Amino acid sequence: MSELHSPLSERDLELLSAYLDGELAGPDKGALEARLAREESLRVALHDLRANRQLLRSLPLLRAPRSFALDPAVYGRRVAWWRRALAFENAFQLAGALGAAASLVLVVVGLLLVGTGQDREAALLAPPASPMLEIALQPTSETPATETPAASPSPQALRTATYPSPAATPVGTATPPASLPPAIEFEAAAEYAAPDMDEGAAMLGMEAPAGAAAPPSAPEADAFMPGIMAAAPESAAGEAAEESQLRDGAQEPLPSPAQQKLEVEPTPTGGPTQTSEATDNALPASATEAESLSAASQAEERAAPSGDDQTGTALTLVGLAALLASVVLYLTGRRRARRL
Amino acid sequence: MQENQLIQAARRGDVHAFNELVLCYQDTAFTVAYRILGHPDSAADATQEAFIAAFQKLHQFRGEHFKSWLMRIVTNACYDELRRQRRRPITSLDDLQETQPADGSSLHSHQENPEQHAQRVELQAAIQHCLDALPDDQRVVAVLSDVEEYAYHEIAAITGWPVGTVKSRLSRARGRLRDCLRAVRELLPAEYRLKDE
């Protein structure tokens, strides 16, 4: 009797309990069955455990003392849409859909920014396409010196370059016809100054792209875009022009716009009529100013598009990554909802 | 209406559909709560809390067996009730008067005489007393395994414990129950008498 009541070890008790529930398998089961065949105390313990389990299982199912049904007046209202939307699996789908929409907006904005930057660069690089500009820029046959503004002016002519005041108009520059709108005049001036841009950029230590056109030269900018010049008085253009001025050492008073109007009379063919001498002397001077100021303008113009490009590219990449993550999130939520 | 349809309707906020589920499972839920808590009022409170929680958390139901999911909520409600009792132990007048527990004795009273009925009630009270003497975790696993007949993996899912933990706690609970029930052997029917008697 005392042998039968000998306390079981915890290990034996666990083995017997698992064996009773059919949860013992493999070598443990075989070893326990071998021991059960040999040891009566184990058999008694197994019998006790089985009897106790039977006792517990014989306990009746209790009847609930009352109904636990929920009161529809308290709990019967419909679940708010936002609570259902924020349910676990729905929240995944909602977040995924919202994230995808936001990502698409990011991508579109990024692409627009990249496109804007490319348009600006293209506008800088491309020659003017408007036939009106061609007409406006067409020098008259009487001014052969102005036909080749791309030709490098002689050093002597360069020395005549002056830094004009914002209100001054250089003598001898190809003034567009008065009938052209200011914007066209501005572009025409830009075309005139283009060939000299590379030298101006080189003066500023900038790298000039091949065939790059320049923004309007300084005189034209002064004459037609006083607002722009006034907006950047301390810009590199001023420094470049001052360098040019120090090199040349001489200044010539420039005629006022009124004087220039007297000198340049528009012809019926649209081109300005100028004297050859005025063109010979003044064009190189204005070209030198143009190259310095156009380089500065070019630097400013290039700075802005590159920033837009970088921002746009970054936005596009971030948007694409967020789009991918949102799709994964949405699909995860959808799979979880289907599992329900 | 099928159980899945009731669940879907209840998830949409249909409390009447949920009450159909309550009627299906309230006896089982109350029984588990009573076996764990050992007191009908506490068991009723825990059962009610469990059904309210189940209705509110129904959107978290992932499609596993609804009864097992409900039993997990009932078990958690019982743990909450046990913690509450430890913080503020209460003794009701019913306890002082040793009133009859909600043991469902009427379900078995068709063919037994009063003496047999009294003996059966006393036996059930003794078993419940032995269950009450177990530590909480062992009592929970003993109720789920030996009273409700859940498999180990189901108990692991309900309690959130690993299967190995379930196994070891169950074996310890059975060892304690064996010692406790030996003390009340005179109440046991002949077929349940332990072999050494």
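This is a predicted model: local features need pLDDT of at least 70, side-chain atom pairs count only at pLDDT 80 or more; totals for chains, interfaces and linings use all residues.
Okay, before anything else, one term: pLDDT is the predictor's confidence in each residue, from 0 to 100.

I'd ask you to keep both in mind as you look at the picture.

Now the chain as a whole. Chain B averages a pLDDT of 85, and 82% of its residues score at least 70. Element by element, helix α5 of chain B, residues 93-96, has the lowest mean pLDDT, 48, while α7(B) has the highest, 96. For the model overall, the scores are ipTM 0.84 and pTM 0.50.

What is chain B built from? Nine helices and zero strands. Chain B has 197 residues, and 37% of them count as buried. If you take the contacts in chain B with a separation of 6 or more, 59% of them are between residues 24 or more positions apart.

Let's look at two helix pairs, then. Two packed helices are described by the angle between their axes and the distance between the axes.

First up, the start of the chain. Helix α1 of chain B covers residues 3-11 and helix α2 of chain B covers residues 15-37; their axes come within 7 Å and cross at roughly 135 degrees. So α1(B) and α2(B) are oblique to each other, and their crossing is left-handed. Who touches whom? On the α1(B) side you have L6(B), A9(B) and A10(B), and they meet A17(B), F18(B), E20(B) and L21(B) in α2(B). By class, that contact has six nonpolar residues, no polar ones and one charged.

Further along, we get to α7(B), residues 136-147, and α8(B), residues 152-159, whose axes come within 10 Å and cross at roughly 135 degrees. That angle is why α7(B) counts as oblique to α8(B). Left-handed or right-handed, this crossing of α7(B) and α8(B)? Right-handed. From α7(B), the contact uses V140(B), V141(B), L144(B) and S145(B), and from α8(B) it uses I155(B), I158(B) and T159(B). Sort the residues of that contact and you get five nonpolar, two polar and no charged.

Definitions and conventions
Residues are numbered from 1 along each chain as its sequence is written. Chains are lettered from A and ligands numbered from 1 in the order in which they are written. Axes are lines fitted to C-alpha atoms, for helices over the stretch in contact, and angles run from 0 to 180 degrees between N-to-C directions. Helices (H or I, at least four residues) and strands (E, at least two) are DSSP runs, numbered from the N terminus. Angles under 35 degrees count as roughly parallel, over 145 as roughly antiparallel, 65 to 115 as roughly perpendicular and the rest as oblique. A crossing is left-handed if the near helix is turned anticlockwise from the far one by less than a right angle, and right-handed if clockwise. Two residues are in contact if their C-beta atoms, placed from the backbone, lie within 7 Å. Ala, Val, Leu, Ile, Met, Phe, Trp, Tyr, Cys and Pro count as nonpolar, Asp, Glu, Lys and Arg as charged, and the others, Gly among them, as polar. A residue is buried if 20 or more other C-beta atoms lie within 10 Å of its own, exposed if 12 or fewer, and partly exposed in between; C-beta atoms are placed from the backbone.
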